[in-house]
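Me: I've got a structure open and I'd like to learn how to read it. Could we go through it feature by feature?

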Amino acid sequence: MSIETDAAERYFSAITAALSGLEIFMRDDRSPLYRHGIVAKIVAEYISRLDKSFTCWRNRLGFMETFKISRAESGYPVFQNLLELENDRRQADSRLATIPSARELRAEMADFILRHKEFPTTLQKSMAERLYLEDIKSGETFGPFTLAQTAKVSVNPKSGLPYYLVHWASFDGTANLPLIYMVTVEDSSDDIVRQLVGKDGRLNEKVEIPLPVDGLLNPDLARRFDDFTEKNSSYSLSPLTIAVNLDKDFEPLHPKQLRRVVLGPFYSAGITDNNSTVTEVLAKVRKPENAWLLTWTIQEVYSKGEKPGRRGLFSSEKTTQEFFINTDDLEATRQGVSSFENHALVPHEAYQALYAAGEAQKIFNGYKVHILSGGRVISDV
């Protein structure tokens, strides 16, 4: 095994363990995020997509030897890897048609070993490519951009307007970070209000909504909403900017809350060098699969009220949201959010190493720490 292959294997083992641990945390009813059950469920679905991408990248190494990660920054694969994955997914059927079936390849490999008394490297690569293409074709991966879905529909008893919980995701090509977005948005479109709100002011039970619905529930705005989310999902845009843009660009939509989950950075001993102190301590962890640290941030901006619109003969103004920014918190102001939470997930062995080195308090200052131990996640340590 070459040094590069060994490093790749260690990286994939570490990131797979981290994502598995994060999914356990998101689906655990004891987790602090579980009080927002639907939020944790949505995040868990995207983590599952990300995990699928890493499985595919790992398989891809069986026949392609190039794989680059953002070592000094996010610790995630560089954007080019996502583009290649997406391109391979589109070409999967045509490429599979040129590769013999798995049964034929196994028979050829066995025959080659018997006749030549050596390992059939070329046939092995063909098998690896077939398995990779079958895998990428069958599963949902975390792409450069994942279109929005409406996950929940209800009626705000105060305003009498229907509202949706809509989510989407993107992988920021500059920061090399997976980003998950969720927005709660009221819809004052006359047709939608007429269809969805009953005479009792509640959701009209006669209207069947097979959730989740692809795109924004409002069909007249769905295509524009997809365009908007694709153009407004960059990490360089603050949640406040995205919420204000959404409020401004859509007359009948009124965003009440926008959440962004930033998955990363990821730290892995001997692979990433995005934090010298963390890297140094993690290098002392005995088991390579436990020598990692995954961080994530939950950002939130919400409306504290509305500025009423006005309608006149010659001009009109829409109702606009007044978003709350916590100016008492310099970091919240810098991020453009009402509030934020920093989280860190770390294996028990790695946490012990950081604690023993006297670095735990400094590294985890400002973070909610979650320790992965024996297939369980322990929070509030």
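Predicted model: local features only at pLDDT ≥ 70, side-chain atom pairs only at ≥ 80, totals over all residues.

Me: How many bridges join S3 to S5, and do the strands run parallel or antiparallel?
Reply: There are 9 bridges between S3 and S5 (residues 253-268), and the two run antiparallel. S3 has another partner to look at: strand S2 (residues 162-172) is joined to S3 by 10 bridges, again antiparallel.

Me: What sits between S2 and S3?
Reply: S2 and S3 form a hairpin with 4 residues between the strands, and Asn176 takes a positive phi near 55° there.

Me: How do I read the two faces of a strand?
Reply: Here's the general idea: in a regular strand, side chains alternate between the two faces of the sheet. Now try it on S3. Leu177, Leu179, Tyr181, Val183, Val185 and Asp187 are on one side, while Pro178, Ile180, Met182, Thr184 and Glu186 are on the other. Both faces are covered, with all of these residues buried.

Me: Why is S3 described as largely enclosed by the rest of the structure?
Reply: Because 11 of the 11 residues of S3 (residues 177-187) are buried.

Me: What about the nonpolar core? Which residues touch the most other members of the largest one?
Reply: The general idea is that in soluble globular proteins, nonpolar side chains tend to be buried together. In this model the largest nonpolar core has 85 residues, and Tyr76 and Phe225 touch the most other members. Leaving out residues up to four places away in sequence, Phe225 touches Ala148, Val166, Trp168, Val183, Leu216, Leu246, Phe250 and Leu253. There's also a second, separate core of 19 residues, which includes Val281, Leu282, Ala350 and Ile363.

Me: Which way do S10 and S11 run, parallel or antiparallel?
Reply: They run parallel, joined by 6 bridges. Ala344 stands opposite Val369 in S11. On to strand S12 (residues 376-379): S11 is joined to S12 by 4 bridges, and those two run antiparallel. His370 stands opposite Ser379 in S12. S11 and S12 form a hairpin with 2 residues between them, and Gly374 in the turn has a positive phi of about 60°.

Me: Is Gln321 buried or exposed?
Reply: To decide, use the cut-off: buried means under 20% relative accessible area. Gln321 has 8% relative accessibility, so it counts as buried. You'll find Gln321 in strand S9 (residues 320-324). Its side chain makes a polar contact with the side chain of Glu306, at 3.0 Å.

Me: And where is Ile99?
Reply: Ile99 is in the loop between helix H3 (79-96) and helix H4 (102-116). Ile99 is buried too, with a relative accessible area of 11%. Leaving aside neighbours within four places in sequence, Ile99 is in contact with Leu105, Ser126, Glu129, Arg130 and Leu133.

How values were computed:
Residues numbered from 1 in each chain as written. Heavy atoms only, no water. Buried < 20%, exposed > 50% of the residue type's maximum accessible area, 1.4 Å probe, protein only. Pairing = 2+ DSSP bridges. Core = buried A, V, L, I, M, F, W, Y, C linked by side-chain atoms within 4.5 Å. Contact = heavy atoms within 4.5 Å. Polar contact = N/O pair within 3.5 Å; in protein donor to acceptor, adjacent residues only side chain to side chain.
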